[in-house]
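Hi,

Here is the structure I promised to pass on.

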Amino acid sequence: MRKRWTVTILTLGALGSSGCVAWRVQTAPPAEIVADPKVEVVKVTQTNQTELLVYQPRVENDTLTGLPTEMAIQKVSIPVSDITSVATRYRHIGKTLLAALAIGGGLIIYTLLQGLNQGF
């Protein structure tokens with residue numbers, strides 16, 4: 001029984017540390033957004049409604065440059081004039097708590113049901 005509770009607690013801890021991520025559209029110009037060293041990836045919406053993730057973003061002259069994936073070698077370049085919005089990732093505490101409660105509740109119910117099976 002103690003082992004099951006340990007697994008439950010470890011699972012909830014792992015879930016809480018990873019967190020649920022959401023996107024927040026920023027109102028500042030792209031150069032200002034990517035100047036923040038905490039910004040590792042941005043979601044760019046272009047004038048043709050195409051959305052693209054850009055990792056390690058930088059603004060060089062009038063162009064947003066970066067990588068299309070975390071492991072990419074070739075850069076992607078988007079003219080700032082073609083960008084309609086830039087969104088950054090943030091941890092959504094509400095979604096994280098809801099997911100942790102749902103998973104934790106499921107694990108507790110499973111543990112209780114297993115305990116009932118042991119009695120038969």
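Leaving out residues within four places in sequence, T65 is in contact with V54, Q56, P57, R58, E60, V76 and S77, where contact means heavy atoms within 4.5 Å. T65 lies in strand β4 and is buried, with a relative accessible area of 5%. Buried here means under 20% relative accessible area, exposed means over 50%, and partly exposed is anything in between (1.4 Å probe, protein chains only). Helices (H or I, at least four residues) and strands (E, at least two) are DSSP runs, numbered from the N terminus.

Before I go on, two notes on the source. This is a predicted model, so local features need pLDDT of at least 70 and side-chain atom pairs count only at pLDDT 80 or more, while totals for chains, interfaces and linings use all residues. Residues are numbered from 1 along each chain as its sequence is written, and side-chain values use heavy atoms, with hydrogens and water left out.

L67 is also found in strand β4, and at 11% relative accessibility it counts as buried. Again not counting residues up to four places away in sequence, L67 touches L53, V54, Y55, Q56, A72, I73, Q74, K75 and V76. P57 sits 10 residues from L67 along the chain, and their C-alpha atoms are separated by 7.3 Å.

**The overall layout**

The chain has 3 helices and 6 strands. Read from the N terminus, the elements go α-β-α-β-β-β-β-β-α. Of its 120 residues, 25% count as buried. If you take contacts between residues at least 6 apart in sequence, 53% of them join residues at least 24 apart. The chain exposes about 8,400 Å², and carbon and sulfur atoms supply 59% of that; the areas come from the Shrake-Rupley method with a 1.4 Å probe, and for residues only the protein chains shown count as cover.

**The core**

Which residues make up the largest nonpolar core? There are 11: I33, V34, V39, V42, V44, V54, L64, V76, I78, I83 and V86. α2 (30–34), β2 (41–46), β5 (76–79) and β6 each supply at least two residues of this core. By nonpolar core I mean a set of buried Ala, Val, Leu, Ile, Met, Phe, Trp, Tyr and Cys residues joined through side-chain atoms within 4.5 Å. As background, nonpolar side chains tend to be buried together in soluble globular proteins.

Setting aside its neighbours within four places in sequence, L64 is in contact with V34, V44, V54, P57, R58, V59, V76, S77, I78, V80 and I83.

**Strand β6**

T88 is found in strand β6 (residues 83–91) and counts as buried at 12% relative accessibility. The side chains of T88 and Q26 are joined by a polar contact of 2.9 Å. That term stands for a pair of N or O atoms within 3.5 Å; within protein, one must be able to donate a hydrogen and the other to accept it, and residues adjacent in sequence count only if both atoms are side-chain atoms. Beyond four places in sequence, T88 touches A22, W23, R24, Q26, I33, V39, V41 and V42.

R91 is in strand β6 too, but R91 is exposed, with a relative accessible area of 52%. R91 and V21 are 70 residues apart in sequence, yet 4.6 Å apart in space, C-alpha to C-alpha.

How many salt bridges does the structure hold? It holds 1, and R58 forms it with E60, the closest N and O atoms being 3.5 Å apart. The cut-off is a side-chain nitrogen of Lys or Arg within 4 Å of a carboxyl oxygen of Asp or Glu. R58 is partly exposed at 42% relative accessible area, and E60 is partly exposed at 35%.

Most residues other than glycine have a negative phi. Q56 is not a glycine, but has a positive phi of about 50°. Q56 is in strand β3 (residues 51–60) and is partly exposed, at 46%. N61, also not a glycine, has a positive phi of about 60°. N61 is in the loop between β3 and β4 (63–67) and counts as exposed at 77% relative accessibility.

Cheers
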